[in-house]
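Q: Could you walk me through this fold with me, starting from the strands and ending with the aromatic residues?

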Amino acid sequence: MLSVLEQLTERVEHHLAVIYEDIELQTQYPELCRQLLRTMRIDNGEVLIEPKRHHNNWDQRDVMLITYGDSIEETGEKPLQTLHHFLKDYCGDAINSVHILPFFPYSSDDGFSVIDYSTVNESLGNWDDIKAITSDYRVMSDVVINHCSSRSLWFQNFIKGEGPGSDFFYTASLEDDVSNVVRPRTSDLLRLTETKDGEKQVWCTFSHDQVDFDFRNPVVLDTFVSIIRQYLDMGIRIFRLDAVAFLWKKIGSSCINLEQTHEVVRLLRTLIEHAVSDAVIITETNIPNRQNLTYFGNANEAHGIYNFSLPPLLVNTLVTGSCKHLKSWLGSMPPSQNGTFFFNFIASHDGIGLRPAEGLLEDQELTTLVNTMQNFGGRISWRTSEEGKQKAYEINIALYDALQGTIKGTDKWGLDRFICAHSIMFGLEGIPGIYIHSLLGTGNDYERVKNTSHNRSINRHKWNYAELQEQLAAPYSQHSKVHCRMIKLLNIRKQQAAFHPSATQFTLQLGEQIFGFWRQSTDRRQSIFCIYNISDEPQVIRLSDLNLIGTDLWFDLISDETISLEDLECQLTPYQAMWISNISS
């Protein structure tokens, strides 16, 4: 029988053989394998522990806050320290994980054009500040794996033609067929760069300040394994592989979701799991739903995938008053296998992506959604389609303002609509991620858009901590109302076994104005019927439609009221949410 180290070696060599099948390498797979194991420090079989297959390292208590390191600032204090104080003082036990968006030195794109992967941006703090947060929370870090800053030492060495990084970047020719390349941006794909060895066309999927790596060079792979090992040493336990779908390039292809890309993710999971058994990979792949699901692999690829179709579908549901598309999508989604989970979110530092709604919403419906968001102060980011046409790629808007009304215009139900959206997300199969500006009910920041000239800045407000504390202490401020209601829902959620990320989920058929689904705990002891009025009119639901078991007592966990089965009907006010459970909290 093979030892754990022998099995690991065999797996890693297989990954490498798939990744580099068409590449002529100077180093053989066994030596590359040994190098990667040394880099990850898992080449010692005596201390190696094999990770459990199909094992869930998460439960209903897992909730993640998404934030920049400097979303909240206080004079005289490093922002990461201020963030730590905010987490302890205003999140408490309701949130146990935090995604700190890129906290490294950068040159553009609010952190996603990384200059140095090994150091913390000194304007935010240092590694000790990161480690302090990891002592109280599970921390997710970005691994910006597709590209880095053109101002990085690596790219400067590429220009000089010597030193680390001199062979790290993907180049092409103007004669190469790039007509099928899928792009999330409208800028030119290739950047003309003067180097010591002459002019070169450098591949830039996102912007000319974000130069793409060439993973055909195994040294690039080993370098990123080294980066991940450092983050593990600093207490990071969750790794967000940013823009990973674009990682592998092949001239003449779409250069997205290629088999080599999937195999790199499988390899990284193998290495990470053998280093720290409860570490987690989440892939950030803002692509159509069917393609996104492939990053689960056979429960051997990403542990978690972003549920990118949820934001546009849920916002569309609440502004149209019809859950037809949301219900159809949810009913068609496969359950996650044990050892994998959906990462649910409605808002993030980016906008509301529209590519994941392709095939789920009709073109006219997307146009109506875009127009409605523009009426609510939103901006639109564009991309060039495969046919060379300009298409809306992303809606840039603060979620609080996105839900201030319906397609008919603004109304008085904005706050209730906003809370309804989150109560839906909190009930769904998977782990919820809450953007800090959703937790705080922050609106559109037009001044920041004006100052940066970037649409995404509209939802990247920076709070002064003293001002924020004042707002949260004022019971009638929108920020206090949102925060209190969100924390209450989360505290209820974490006590319910039926809200385990992998607990059974079944979509209910309750018409277009009432959205509902049923969750059941893995031991089948608890059932929760999650019922939502997604319209601006009162709605009536017949309790017989829910098939509540007559021998059980039923409670609405949100209102803490008992449900009497003698009542034939239940009336829901506009945007009211109910979590009807046979076990009270």
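A: What follows is a conversation about strands, helices and aromatic rings.

Q: Before that, what kind of model is it, and what goes into the values?
A: This is a predicted model, in which local features need pLDDT of at least 70 and side-chain atom pairs count only at pLDDT 80 or more, while totals for chains, interfaces and linings use all residues. Residues are numbered from 1 along each chain as its sequence is written, and side-chain values use heavy atoms, with hydrogens and water left out.

Q: Which strands make up the closed barrel?
A: The barrel has eight strands in the order β1-β3-β4-β10-β11-β12-β13-β19, with parallel pairing, where strands are DSSP runs of E with at least two residues, helices are runs of H or I with at least four, and both are numbered from the N terminus. Two strands pair if DSSP finds at least two bridges between them. From one strand to the next the twist averages 25°.

Q: And what pairs with β19?
A: Strand β1 (residues 64-67) pairs with β19 in the parallel sense over three bridges, and β13 is also joined to β19 by three bridges, again running parallel. Gly 433 of β19 is the bridge partner of Met 64, and Phe 345 stands opposite Gly 433 as well.

Q: Is β19 buried or exposed?
A: Five of the five residues of β19 (residues 431-435) are buried, so the strand is largely enclosed by the rest of the structure; buried means under 20% relative accessible area, exposed means over 50%, and partly exposed lies in between, with a 1.4 Å probe and protein chains only. Ile 431, Gly 433 and Tyr 435 point one way from the strand, Pro 432 and Ile 434 point the other way, and all are buried.

Q: Which helix lies across β13 and β19?
A: That is helix α13 (residues 414-427), which runs at about 150° to β19. Axes here are lines fitted to C-alpha atoms, for helices over the stretch in contact, and angles run from 0 to 180 degrees between N-to-C directions.

Q: What about the β3 and β4 pairing?
A: Strand β3 (residues 97-100) and strand β4 (residues 138-144) run parallel and are joined by four bridges, with Ser 97 having Arg 138 as its bridge partner in β4.

Q: Switching topic, which strands pair with β16 in the antiparallel sense?
A: Strand β14 (residues 352-353) pairs with strand β16 (residues 390-396) in that sense over two bridges, and Gly 353 stands opposite Glu 394. Strand β15 (residues 379-384) also runs antiparallel to β16, with six bridges joining them, and Arg 383 has Lys 391 as its bridge partner.

Q: Now helices: at what angle do α3 and α4 pack?
A: Helices α3 and α4 (residues 127-134) pack at about 10°, with their axes 9 Å apart. They are therefore roughly parallel to each other, given that angles under 35 degrees count as roughly parallel, over 145 as roughly antiparallel, 65 to 115 as roughly perpendicular and the rest as oblique. The contact, meaning heavy atoms within 4.5 Å, is made by residues including Leu 80 and His 84 of α3 and Asp 129 and Ile 133 of α4.

Q: Where is Phe 86, and what is it in contact with?
A: Phe 86 is found in helix α3 (residues 79-91) and is buried, with a relative accessible area of 0%. Leaving aside neighbours within four places in sequence, Phe 86 is in contact with residues including Leu 65, Ile 436 and Tyr 465. Phe 86 and Tyr 465 are 379 residues apart in sequence and 8.5 Å apart in space, C-alpha to C-alpha.

Q: How many aromatic pairs does the structure hold?
A: The structure holds 33 aromatic pairs. Rings of Phe, Tyr and Trp (its six-membered ring) pair if their centres lie within 6.5 Å, and planes under 30 degrees apart count as stacked, over 60 as edge-to-face and the rest as tilted. In one of them, Phe 206 and Phe 246 have ring centres 5.5 Å apart and planes at 85°, so the pair is edge-to-face. Phe 206 is buried, and Phe 246 is buried too.
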